[in-house]
Amino acid sequence: MRRTLRILREHIPLEIKEVPTGTRVFDWIVPKEWNIRDAFIEDPQGRKIVEFARSNLHVLNYSVPVKATVPLEELKRHLYTLPEHPDWVPYKTSYYQENWGFCLSHRQFLALEEGDYRVVVDSTLEDGHLRYGEYLLAGESKEEVLVSTHVCHPSLANDNLTGIATATFLARYLTDRKRRFSYRFLFVPGTIGSITWLSLNQRSVARIRHGLVLTGLGDTGNLTYKKSRRGNAEIDRVAQYVLKRRDPKSDIREFSPYGYDERQYCSPGFDLPVGRLSRTPYGEYAEYHSSADNLDFVNSDKLGDSFSAIVEMFEMLERNVKYRNLNPMCEPQLGKRGLYDEIGPHQFAMLWVLSLSDGEHSILDIAEQSGIDFHSIYAAAEILKKFELVV
Ligand code: ZN
């Protein structure tokens, strides 16, 4: 994780925050820091057959140190495989239960012979720090859009490298854009990271107007948006609007209290307007949490599609403001201002903006009620603003 955050700093000026082991964060305590140098299994002939040095998926993540020689029967209690996909290595963790173990392909597991095996996990589990990365890209307003992604999975591409890469390049993309909102990017270890961040930032979360948890954005499935707990937050409506227009097969799901860090942002004490964007949701593709979730599994066109959907959502959030009609007593005379010529086919859009711009309806409200495209409504409102008919 430390290396991951360092690499991200080559692309964006990420601040790396450290919170010491033992810090109380709501009902949780920042755990000990896990470091690992090496781990392997030697077969009865003394050959190394499973090696952490070859892939960091081979060790049960957070394994306590062990140096022992054990018979096959006992070893098997510490081995994890995927029988349905005999060539893949699973990704397993044991965060809150002290345990050690190895992950290997089921094919290799079936070939293990009776005998004594030497197992070594050269790890430490000691007081240290929880680390996360944070970057605030300031906008005109202090109101924020939160973008959060987990960074704790080793060597897995769709979940979670695609989330990390997308968040990083969104930050870069937005740097050169005019921004009404400020954008806060969080790169946190799953669950404990978002809980820790929320615990340390309780007083400033009120600034969060919209938020997205990003993960699993590069597989070939359709985009899937999971609504915030509120269910009708602006981000929920914008996501539905953008996704359904980009691809009618996009999936919109109701909130549920399981999943990724949206669980914490949407917990009832915060109830933040934070949804989750992915393609195929976690656990619904075979490669999930296994060695098969690698760079070959990620499709660059789909990853690009996810990126541009988010850009479109953010553009809508930026533009989704409320105008007020300055001439609400009967229709203003558009003809004498030359607006009948200028508007052409957009004349309906103008009339809708004038009719609904009472300070209550946003551009999205008007688009939904009129059935006219959001960007046409926005363009009409901007023309009316130029002619001082709305503010
Ligand atoms: Zn995961």
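Which residues line the largest cavity? The views below show a predicted model in which local features need pLDDT of at least 70 and side-chain atom pairs count only at pLDDT 80 or more, whereas totals for chains, interfaces and linings use all residues. Residues are numbered from 1 along each chain as its sequence is written, and side-chain values use heavy atoms, without hydrogens or water.

**View 1. Lining of the largest cavity.** Asp159, Thr215, Gly216, Tyr260, Ser278, Thr280, Pro281, Tyr282 and Tyr285 line the largest cavity. A cavity is a set of points on a 1 Å grid over the protein atoms alone where a 1.4 Å probe fits but cannot get out, and lining residues have an atom within 4 Å of a point. The space inside is about 40 Å³, taken as that filled by probe spheres set on the points, which are joined across faces, edges and corners.

View 2. Threonine 168 counts as buried because its relative accessibility is 1%, where buried means under 20% relative accessible area (1.4 Å probe, protein chains only). Its side chain reaches the backbone oxygen of isoleucine 164 at 2.7 Å. Not counting residues up to four places away in sequence, threonine 168 touches Leu8, His11, Ile12 and Phe187, with contact meaning heavy atoms within 4.5 Å.

Definitions and conventions:
Buried < 20%, exposed > 50% of the residue type's maximum accessible area, 1.4 Å probe, protein only. Polar contact = N/O pair within 3.5 Å; in protein donor to acceptor, adjacent residues only side chain to side chain. 1 Å grid on protein atoms, 1.4 Å probe; cavity = no way out; pocket = protein on both sides within 12 Å on 5 of 7 lines; lining within 4 Å.
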